[in-house]
Amino acid sequence: PKPFSSDDDAEAESRRKSSGGLRLKGSRWAIVLRHLDVSANEIETLSAAAGGEGEASVLERLKELEHLAASQNCLDSFPVSWTRSLESLKKLDLQHNVFESFPGHLFQLKAIQTIDLSHNKIQTMSAPFDLVQTRICLLVELDLAYNRISAFPIWLGQSTPNLTQLNLSHNCI
């Protein structure tokens, strides 16, 4: 894309508002993603999703991301660095992956409302390290159906005061 001079700032702002996805950053256009779907790509780690760019560069572009769909991949973890960077993430879809333990650090996502970890291999539901911090979690819906969970995670009631929908069907409880 053609760089714009400072004289074009008003026009650039107008284009950004009308497109809903373009933002002037320095002298270059950058895409601001609100929804990213990388499902069914055989991804083994989200850190590697940065490709040739540094992870910090990718995370900077994802600061306004509201919905991340990464279902039907080969993920067994979610990077802690992403939980600190995805400040606007409201919905996280990680169903049909290979998680074996619940990534408690997901509760550090400041805006998170919905997490879908159904159809994984989750056996352990350890409480997040800092239950006090997680009490500010906005999580409303948590789907853990079709896993291997054998005990009800009592700590959920303490750390997710806004939770109204919890799906633990088809587990080993």
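Me: Which residues does Phe-78 touch, not counting residues up to four places away in sequence?

Reply: Phe-78 touches Leu-46, Leu-68, Thr-83, Leu-86, Leu-92, Leu-94, Phe-99, His-105 and Leu-106. Contact here means heavy atoms within 4.5 Å. This is a predicted model: local features need pLDDT of at least 70, side-chain atom pairs count only at pLDDT 80 or more, and totals for chains, interfaces and linings use all residues. Residues are numbered from 1 along each chain as its sequence is written, and side-chain values use heavy atoms, with hydrogens and water left out.

Me: What makes a set of residues a nonpolar core, and which members touch the most others?

Reply: The set must be buried Ala, Val, Leu, Ile, Met, Phe, Trp, Tyr and Cys residues joined through side-chain atoms within 4.5 Å. The largest such core has 33 residues. Phe-78, Leu-92, Leu-94, Phe-102, Leu-117 and Leu-144 touch the most other members. In soluble globular proteins, nonpolar side chains tend to be buried together.

Me: Why is Cys-74 called partly exposed?

Reply: Buried means under 20% relative accessible area, exposed over 50%, and partly exposed in between (1.4 Å probe, protein chains only). Cys-74 has 33%, so it is partly exposed.

Me: Why is Cys-172 called exposed?

Reply: Its relative accessible area is 51%, so Cys-172 is exposed.

Me: What makes Phe-152 partly exposed, and where is its place?

Reply: Its value is 45%, so Phe-152 counts as partly exposed. Phe-152 sits in the loop between strand 7 (141-143) and helix 5 (156-159). Helices (H or I, at least four residues) and strands (E, at least two) are DSSP runs, numbered from the N terminus.

Me: How many helices and strands does the protein have?

Reply: Five helices and eight strands. From the N terminus, their order is α-β-β-β-α-β-α-β-β-α-β-α-β.

Me: Where does Glu-42 lie, and what is its phi?

Reply: Glu-42 is in the loop between strand 3 (35-37) and helix 2 (55-61). Its phi is positive, about 60 degrees, although Glu-42 is not a glycine. Most residues other than glycine have a negative phi. Glu-42 has 67% relative accessible area, so it is exposed.

Me: Why is His-96 called partly exposed?

Reply: His-96 has 33% relative accessibility, so it counts as partly exposed. His-96 also has a positive phi, about 55 degrees. Its place is the loop between strand 5 (91-93) and strand 6 (114-116).
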